[in-house]
Amino acid sequence: SETSLINVDEKKYRGKLRVFRSYDEIRVVNELTIEDYVKGVMTREMPIGNGTENYNALKAFSICIRTYAFNKITQKNKSFDLFADTRDQVYGGVVSETDYTNKIVDETAGQLLSFDGKPAVVFYHSTCGGYTEDVQNVFNSKPLDYLISISDGEGPYCNISPRYAWSEEYSESVFIDRLFNSRLLDNLNYAIQSVIVKSRFESGRVNELEIRLINSSGEEKIISLFSNNIRSVIKTSDGRSILRSTMFEISLDDNKNVLINGNGFGHGVGLCQWGAIAQSRLGKDYQEILNHYYPGTEIISIND
C-alpha cells in the first residue's frame, strides 16, 4: 500500500499517527509497516561507513532490527509495540533514512533470523571487546544455544572500534558517592579498603565485584555488585552514562583513586556491530556474519 508522510515537530514519519488517551496521558503512536520501521532505525543504531565498506554488516543488521521488531509485534501489547528509544530500538523516522540504507532494507525485506524454524531472540551491542557473552549472564533469560559466548576472531574483529579500549578514574569520594546514590550505603562516611574482582565469566567479563569499606567508627562493610548491574552503579567517571562494559581490570592507586581499564562497549550479547563491520570490510557476506554471532541460526521469511 502507498505510504504517506506525516510532519511532527518538523520531523517526517511514514504511515499514520494514532492519538489516544491512556489513563491520565495523551499518547501519540506512529503506525507503519515493519519495513518502514526498519528503515527508520538503521542509521540510528549502526555506523554507515564510507561508500559500501559496511554493506554486508548493514545487511545483517537490517535482519536483526526486523527480527527484534517482529518478536515485539507478536507479543500484541494493547497500545503500541515498540518504544522509539533505547528501551527498544532508536527510531528516527524519515529524517534518519538514506537511499543507501533503504536499498539494503529492501534487499532483505521480510527476512528474519530463526532458530529451529522460529524467530530468534535477538540482541546486539556496539563492541564486544574480544568475546561475546552468554545471554543468561546478562539478561533474565534461559540459556539459548545461539546466544553464547564466542571469540570475535583473531585480532579481534572489533578492535577497529573507537570504543574498543577505554579507561576511567574516580576519586575515592566520587566512587563512594556512586554507591550511596545506588542506596548501597546509608551515608557517605566511608573509606575504601579494597576493590576486588571475585569472579569472571568465561568471556572475561566481571561476574562479581567486591568492594570493602570502613566507616568512621571502624566498622567494615562489604558490597558485592554482579554482572551488568555493575555498569549502572559505577557509571563513567563523569557520571553521564553507565560504564562502557564489564570487561575490565580495576585497582586502587596510592591515593585511593579507583582506576578501571576496560575493553568493549555494551552488554556483549549477540551481534557485535563493530565486529560485523570489520568482517564486512574483509569481504564476508551478511549470512556469514549472522552465523558467526548467532551460531546455528537460519534466515527465514516473515511469510514462512
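Q: Given that buried means under 20% relative accessible area, exposed over 50% and partly exposed in between (1.4 Å probe, protein chains only), which residues in helix α4 are buried?

A: This is a predicted model, in which local features need pLDDT of at least 70, side-chain atom pairs count only at pLDDT 80 or more, and totals for chains, interfaces and linings use all residues. Residues are numbered from 1 along each chain as its sequence is written, and side-chain values use heavy atoms, with hydrogens and water left out. An α-helix has 3.6 residues a turn, so residues three or four places apart point the same way. In α4 (residues 172-181), the buried residues are Phe-175, Ile-176, Arg-178 and Leu-179. Because they cover an arc of only 150° around the axis, they lie on the same side of α4. Ser-173 and Asn-181, on the other side of α4, are exposed.

Q: What do the buried residues of α4 pack against?

A: Contact means heavy atoms within 4.5 Å. The buried residues of α4 pack against β8 (165-170), β9 (190-200), β10 (206-215), β11 (220-226), α5 (229-234) and β13 (258-263). After α4 comes Arg-183, which has a positive phi, near 65°.

Q: At what angle do the axes of helix α1 and helix α2 cross?

A: Angles run from 0 to 180 degrees between N-to-C directions, with axes fitted to C-alpha atoms, for helices over the stretch in contact. The axes of α1 (residues 34-45) and α2 (residues 55-73) come within 9 Å and cross at roughly 125°. Among the residues of α1 that meet α2 are Tyr-37, Val-38 and Val-41, while the α2 side includes Leu-58, Phe-61 and Ile-65.

Note on methods:
Helix = DSSP H or I, 4+ residues; strand = E, 2+ residues; numbered from the N terminus. Arc of directions from axis to C-beta.
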